[in-house]
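Please keep the sequence and the structure in view while reading.

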There are 2 protein chains.
Amino acid sequence: MNRKATALDVAKLAGVSRSAVSLVLNGRGDGNVAKESQVRIREAAATLNYTPNAIAVSLRNRRSRIIGIVSDQVVTSPFDGNIIAGADAVARSQGFVTVVMDTESDESRDESAVSTLLDRQVDGLMYVTVGLRPLHVPLNMLRVPSVLANCFDDRPEAGVPAVIPDEVRGGREAATHLLELGHRDIAFLAGDSITPAAPRRIQGHCDAFEAAGLPVRPGRIIQAGWDIDAGFHGAMKLLDGVAAADRPTAIVCANDRLAIGVVLAANRLGLAIPQDLSIMGYDDEFRIASTMVPALTTMALPLREMGAAAMTGLLGELSEEPENDDSVRADQTLVPCRLVVRESTGPVPAGRN
Amino acid sequence: MNRKATALDVAKLAGVSRSAVSLVLNGRGDGNVAKESQVRIREAAATLNYTPNAIAVSLRNRRSRIIGIVSDQVVTSPFDGNIIAGADAVARSQGFVTVVMDTESDESRDESAVSTLLDRQVDGLMYVTVGLRPLHVPLNMLRVPSVLANCFDDRPEAGVPAVIPDEVRGGREAATHLLELGHRDIAFLAGDSITPAAPRRIQGHCDAFEAAGLPVRPGRIIQAGWDIDAGFHGAMKLLDGVAAADRPTAIVCANDRLAIGVVLAANRLGLAIPQDLSIMGYDDEFRIASTMVPALTTMALPLREMGAAAMTGLLGELSEEPENDDSVRADQTLVPCRLVVRESTGPVPAGRN
DNA sequence: TTGAAAGCGGTACCAC
DNA sequence: GTGGTACCGCTTTCAA
């Protein structure tokens, strides 16, 4: 538990100066330090188990190689941890470390979280949210290069790039999957519209019908909620006591938990899945969608990819020439979702196409 | 985006020296700096929007006020983020910041994660796991005060304190809840025994029966798995085609997802919950247990509390006199679980008690 | 090729 | 009370 070795210790042991140690260990030894010295330095460093003090390096270089991540409740929620995981993997691969501050959805803590991070001299910032949503970036976030993941600032002047899932396309491809299976009467169980994810998925859903030249039956888009019970009750409304010919043959849900509720309802009503009813989820929630009975066909959110893309962009910005400060690029990168076909969807029942 | 103000800037503006600024802003002004100067310094700091550079402070004080957290897959999993959240809340309240490195369950990355953290000069370390499990603490972890959360090192000489849930008691109280409702034939659906959580919960289960002077029917403890499908198939084995008098009247599951599977099966078999069958979960998984249909009675894991307790202990150790280094306290703190009664459990069906 | 020395932004000791 | 100054550990320039 004795103090860690410093560059000076290494220098002494190798019989050289600290400068030499620094040069060699940073790969700029050739042409500056004699070959023999280099070897001795390397050996000394190894025997002393020397690694540089990152704090001191940060202070000296005025770059901490720390990326601050502010999240609204990613850490405590079972959902989007993968965004952070994806981001962190990229950061780590480039010698960065991330420190995340979770505001637990208390927006009044945004600014102070960013301040704390700024005081720690983070080189860049990333704001991550659990669900897709618009927000006003904390002003002090603009002090360092920043990026938004799974959220966006819709004020055009904000100028912070965002990486978000292509929800419209996701909704469209989900519907298309079912249309191709012959379904014509498809219901959509949405969550509330507090997050723009729901309306966008619905938009895509309708787009698919329009492209197919088919109408969306009125009353088939139901705003229920996001949880199991909402799915259950929504499904009961759609199915319970309704004549077979008047039931939708497929239900697409705005997330996998809704889909669980729908399956629960179908089981209770004695409907076989997918023979009598096809069910789709959304999210491909870890260990939920794939282990359901039946396993859920779902639209996977590209969480890891989003995190990775956001971090890659951010780090890229950091290494660029810092001349072009005010080239306000308010990009918005759309990452496509991934259709995962499992057992809960199948051909439309005979006579209903 | 201009450079941040430094203590020197403040000193100049206030017409004093850096030392004075440091003293005042650290609350040791009285008795050292004239009242007027104090005011001027505070004003100057405010107008310049000065906050100290944490990196510089760390270097000088040789304490970074950073706690490193190594997790096996907490971040990406939907489970134990709350351990980290609880830990982080405590850390933040004392001016610490946490940086978590997720090894994504690759144990070979343990050492390097710890090294990275150590290079960053963390003041302490915490190791968190998703499921309760024994482990060998990475050796270099012993270089700074450390704590384990939801895991433990069973080598007596390890000497790293651990905070874990009281699983035995949890299993006992779950069984007791059902026994009190009159159930006598209770099945236990366990996960695999890779994690000691399962055997401990089973242990508690059997303890409760023994305390009640009742036998556990043979074949009623089933090792299934941890996911929805395992619950489904386990339940089918227990219930499908079995005479009513020979069916268990209650099933307690080793987690909430197993319970979902059991409900799914019950629904399919036309069994009403809790009238025909009581079902218990374990974990009180966020937005799962409380929104199931019916809402699940479950045993809540004290995740936040564990994280908070672990961090509190760790920070306490940091502020203690560092004289008593080798007082190898291999404590193990057991945090009790919390019974949450909802709708999925009820009195035993008539004639089965 | 090498080493001395100047900071990076603070803190804290020590004369005055 | 006050300001000068050494130092935390490292990088980098510059003179020898």
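## Protein–DNA contacts

A backbone N or O atom of N53(B) lies 3.4 Å from a phosphate oxygen of DNA strand C, and a polar backbone atom of N53(A) is 3.2 Å from a phosphate oxygen of DNA strand D. These are polar contacts, that is, pairs of N or O atoms within 3.5 Å; within protein, one atom must be able to donate a hydrogen and the other to accept it, and residues adjacent in sequence count only if both atoms are side-chain atoms.

This is a predicted model, in which local features need pLDDT of at least 70 and side-chain atom pairs count only at pLDDT 80 or more, while totals for chains, interfaces and linings use all residues. Residues are numbered from 1 along each chain as its sequence is written, chains are lettered from A and ligands numbered from 1 in the order in which they are written, and side-chain values use heavy atoms, with hydrogens and water left out.

| Residue | DNA atom | Distance |
|---|---|---|
| S37(A) | phosphate oxygen, DNA strand C | 3.1 Å |
| R62(A) | phosphate oxygen, DNA strand C | 2.6 Å |
| Y50(A) | phosphate oxygen, DNA strand D | 2.9 Å |
| R60(A) | base oxygen, DNA strand D | 2.3 Å |

A residue is near a strand if one of its heavy atoms lies within 4 Å of it. Around DNA strand C there are 27 such residues, of which A34(A), R60(A), R62(A), R18(B) and R28(B) come nearest; DNA strand D is likewise surrounded by 27 residues, the closest being A7(A), R18(A), R60(A), A34(B) and R60(B). Sugar and phosphate make up 61% of the atoms of DNA strand D within 4 Å of the protein, and for DNA strand C the share is 60%, the rest belonging to bases.

Among helices (DSSP runs of H or I, at least four residues, numbered from the N terminus), α4(B) gives the most to the surface near DNA strand C, with four residues, whereas α4(A) gives the most to the surface near DNA strand D, again with four residues.

Note on methods:
Helices (H or I, at least four residues) and strands (E, at least two) are DSSP runs, numbered from the N terminus.
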